[in-house]
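Hi,

Here is the structure I promised to pass on. My notes follow below it.

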Amino acid sequence: MKIPLKIKVGYRTIDIVYADPDFKSDNMTDCYGQYLDRQNKIEIQRGLSPSEEANTVLHEIMHCVFKTIGETNEGMALSNDVAEERVVLNTTNLLQTILFVDNPDLLVFLTKSIKK
């Protein structure tokens with residue numbers, strides 16, 4: 001299955017694109033993706049396994065979520081980059097496992113219940 005090229009996060013439309021690391025500028029050389037807030041864009045490295053790609057997309061969406069709700073603003077709980085990355089990493093890894101790996105029927109239930 002292909003990654004959607006656009007997703008909605010709150011009032012924002014976020015583009016999802018594949019990108020290659022830029023070793024001259026250290027762009028994405030130590031990670032699999034990045035969320036670019038001012039560009040409304042998520043960049044994902046090419047060539048990831050399906051599981052890593054899914055986790056990376058969800059991880060970057062979580063960065064967007066916390067930015068959108070203001071938790072990364074100065075004085076808020078995730079204003080420190082280290083704290084933000086820790087919370088995003090831990091939340092993403094658990095959500096991926098809970099919703100998509102260990103309990104796929106739960107995701108179906110939640111999706112159908114919300115649409116009713």
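Start with Glu43. It counts as buried, because its relative accessibility is 11% and the cut-off for buried is under 20%. Glu43 sits in strand 4, residues 41–45. Its side chain makes a polar contact with the side chain of Gln34, at 2.6 Å.

Keep in mind that this is a predicted model. The protein chain averages a pLDDT of 92, and 94% of the residues score at least 70.

Glu60 is another buried glutamate, with a relative accessible area of 5%. This one belongs to helix 1. Beyond its neighbours within four places in sequence, Glu60 is in contact with Gly33, Gln34, Tyr35, Ile42 and Ile44. Take Ile42: 18 residues separate it from Glu60 in sequence, yet the C-alpha atoms are 6.6 Å apart.

Now helix 2, residues 81–102. Its 22 residues should span 32 Å at 1.5 Å a residue; the end C-alpha atoms are 30 Å apart, so the two values agree. Asn80 caps the N-terminal end, with a side-chain oxygen 2.7 Å from the backbone nitrogen of Val82.

Which residues of helix 2 are buried? They are Ala83, Glu84, Val88, Thr92, Gln96 and Leu99. An α-helix has 3.6 residues a turn, so residues three or four places apart point the same way. The buried residues of helix 2 pack against helix 1 (50–68) and helix 3.

Best wishes

Key. Residues are numbered from 1 along each chain as its sequence is written. This is a predicted model: local features need pLDDT of at least 70, side-chain atom pairs count only at pLDDT 80 or more; totals for chains, interfaces and linings use all residues. Side-chain values use heavy atoms; hydrogens and water are left out. pLDDT is the predictor's confidence in each residue, from 0 to 100. Helices (H or I, at least four residues) and strands (E, at least two) are DSSP runs, numbered from the N terminus. Buried means under 20% relative accessible area, exposed over 50%, partly exposed in between (1.4 Å probe, protein chains only). A polar contact is a pair of N or O atoms within 3.5 Å; within protein, one must be able to donate a hydrogen and the other to accept it, and residues adjacent in sequence count only if both atoms are side-chain atoms. The expected span of a helix is 1.5 Å times one less than its number of residues. Contact means heavy atoms within 4.5 Å.
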